[in-house]
Structure formats: structure tokens, C-alpha cells
Amino acid sequence: MDIVNREDIPAYRTKDGSLVREIVHPDRVPVRNLSLAEAALEPSASTALHYHEVSEEVYYVTAGRGLLSVADEETEIRAGQAVLIPRRARHRVVNIGDEELVFLCVSSPPYGHQDTEIEEDEE
């Protein structure tokens with residue numbers, strides 16, 4: 001059994017701009033097919049529009065409110081909600097609340113910078 005304490009994990013900026021702690025990842029524990037990270041965005045901040053060629057993700061919101069765009073859909077998300085982001089689906093999260101937006105990211109296969117493709121905004 002492997003137990004990981006969030007407080008022991010250093011946070012870093014991912015390629016999409018979010019502040020992340022990789023809580024469960026093959027670099028840390030003997031897991032092969034998924035990773036679990038906690039991401040945070042300050043009020044008014046957003047991730048870059050991006051997609052993953054290989055990984056699919058599930059975002060689970062633990063605090064705050066956000067506006068999530070996946071492919072051609074856009075919806076407000078809040079604490080207690082989970083959403084599937086299919087592989088190759090362009091997506092972005094914007095914090096639309098007054099507090100930090102915090103969400104868990106489950107990626108399968110595990111997250112890697114090499115699988116994150118940043119896209120230019122069309123606006």
C-alpha cells in the first residue's frame with residue numbers, strides 16, 4: 001500500500017498554465033495506467049486552450065466555480081461535479097468565481113507534458 005500526503009507534493013505550473021500537484025503518478029508510486037493531480041486557478045485565471053492526443057481526463061471540482069469548454073460545449077462547473085474530457089477534445093477552464101477554483105484531474109494514461117498540445121485562440 002502506498003499513501004501520499006498532498007502536503008508533501010510540490011506544486012508546479014503545467015504546460016496549460018494551471019498550478020498542479022501530482023499526487024499519484026508513476027514517477028512517485030507504482031501506478032501504471034492513470035495519474036491523479038490537484039489543479040488550482042486563481043480568480044479570473046484560465047488554462048490555455050489545449051488537448052491531449054493520448055490521455056482522457058476526468059475533472060472533479062472540489063472548490064470554487066469555473067467555466068469549462070470541451071470541444072464545442074461550454075458549461076459552468078462547481079464543487080461536487082465531475083466531467084469527462086475525451087482524448088483529443090480541445091478544452092479550457094476559466095475561474096469565474098471570487099475564490100480559488102480547485103479540481104482533481106484523473107488522467108489515463110498518466111499525465112505528461114509531451115501529451116499536452118497548446119492551441120491558439122480563434123477569438
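Biologist: Is His-52 buried or exposed?
Modeller: This is a predicted model, and His-52 sits in strand β4, residues 50-52. Its relative accessible area is 3%. The cut-off for burial is under 20%. His-52 is therefore buried.

Biologist: Which side chain makes a polar contact with the side chain of His-52?
Modeller: Leaving aside neighbours within four places in sequence, His-52 is in contact with several residues, among them Arg-87, Arg-88, Tyr-111 and Asp-115. Glu-57 is also in that set. The polar contact has a distance of 3.1 Å, and the partner is Glu-57.

Biologist: How far apart in space are Glu-53 and Arg-87, C-alpha to C-alpha?
Modeller: Glu-53 lies in the loop between β4 and β5. Beyond its neighbours within four places in sequence, Glu-53 is in contact with Arg-87, Arg-88 and Asp-115. Glu-53 and Arg-87 are 34 residues apart in sequence. In space, their C-alpha separation is 5.9 Å.

Biologist: Which residue meets Arg-88 in a salt bridge?
Modeller: Side chains of opposite charge can pair when their charged atoms come close. Here the N to O distance is 2.7 Å, and the partner of Arg-88 is Glu-53. The pair links distant parts of the chain, 35 residues apart: Arg-88 is in the loop between β8 and β9, and in the loop between β4 and β5 is Glu-53.

Biologist: Is Arg-88 buried, partly exposed or exposed?
Modeller: Arg-88 has a positive phi of about 70° although it is not a glycine. Its relative accessibility is 47%.

Biologist: How many salt bridges does a search of the whole structure find?
Modeller: One of them joins Glu-38 and Arg-6, with the closest N and O atoms 2.7 Å apart. That pair links distant parts of the chain, with Glu-38 in strand β3 and Arg-6 in the segment before β1. Glu-38 is buried at 15% relative accessible area, while Arg-6 is partly exposed at 33%. The search of the whole structure finds four.

Biologist: Which residue in β7 is the bridge partner of Leu-67?
Modeller: Strand β6 (residues 65-70) and strand β7 (residues 73-78) pair in the antiparallel sense over six bridges. The side chains of Arg-65 and Glu-76 also meet in a salt bridge at 2.8 Å, N to O. Arg-65 lies in β6 and Glu-76 in β7, so the pair ties together parts 11 residues apart in sequence. The bridge partner of Leu-67 is Glu-76.

Biologist: Which residue in the hairpin of β6 and β7 takes a positive phi near 55°?
Modeller: The hairpin has two residues between the strands. The residue in question is found in that loop.

Biologist: Which residue in β9 stands opposite Ser-69?
Modeller: β6 also pairs with strand β9 (residues 91-95). The sense is antiparallel, over five bridges. Opposite Ser-69 stands Arg-92.

Biologist: Which strands stand at the edges of the open sheet of six strands?
Modeller: The order is β1-β2-β3-β10-β5-β8, with antiparallel pairing. Each edge strand has a single partner strand, so one side of each is left without a neighbour in the sheet. The edge strands are β1 and β8.

Biologist: Which residue in β10 is the bridge partner of Tyr-59?
Modeller: Strand β5 (residues 56-63) and β10 pair in the antiparallel sense. The pairing runs over seven bridges. The partner of Tyr-59 is Cys-105.

Biologist: What accessible area does the nonpolar surface patch with Leu-84 have?
Modeller: Leu-84 lies in strand β8, residues 82-85, and counts as partly exposed at 48% relative accessibility. Leu-34, Val-58 and Val-106 form the patch with Leu-84. Together they have about 280 Å².

Biologist: Which residue does a cis peptide bond join to Ser-108?
Modeller: Omega is about -10° at this bond.

Methods
Residues are numbered from 1 along each chain as its sequence is written. This is a predicted model: local features need pLDDT of at least 70, side-chain atom pairs count only at pLDDT 80 or more; totals for chains, interfaces and linings use all residues. Side-chain values use heavy atoms; hydrogens and water are left out. Two strands pair if DSSP finds at least two bridges between them. Helices (H or I, at least four residues) and strands (E, at least two) are DSSP runs, numbered from the N terminus. Buried means under 20% relative accessible area, exposed over 50%, partly exposed in between (1.4 Å probe, protein chains only). A polar contact is a pair of N or O atoms within 3.5 Å; within protein, one must be able to donate a hydrogen and the other to accept it, and residues adjacent in sequence count only if both atoms are side-chain atoms. Contact means heavy atoms within 4.5 Å. Patches are made of residues with over 30% relative accessible area and no salt bridge: like charges are joined within 9 Å, nonpolar side chains (Val, Leu, Ile, Met, Phe, Trp, Tyr) within 5 Å. Accessible areas come from the Shrake-Rupley method with a 1.4 Å probe; for residues, only the protein chains shown count as cover.
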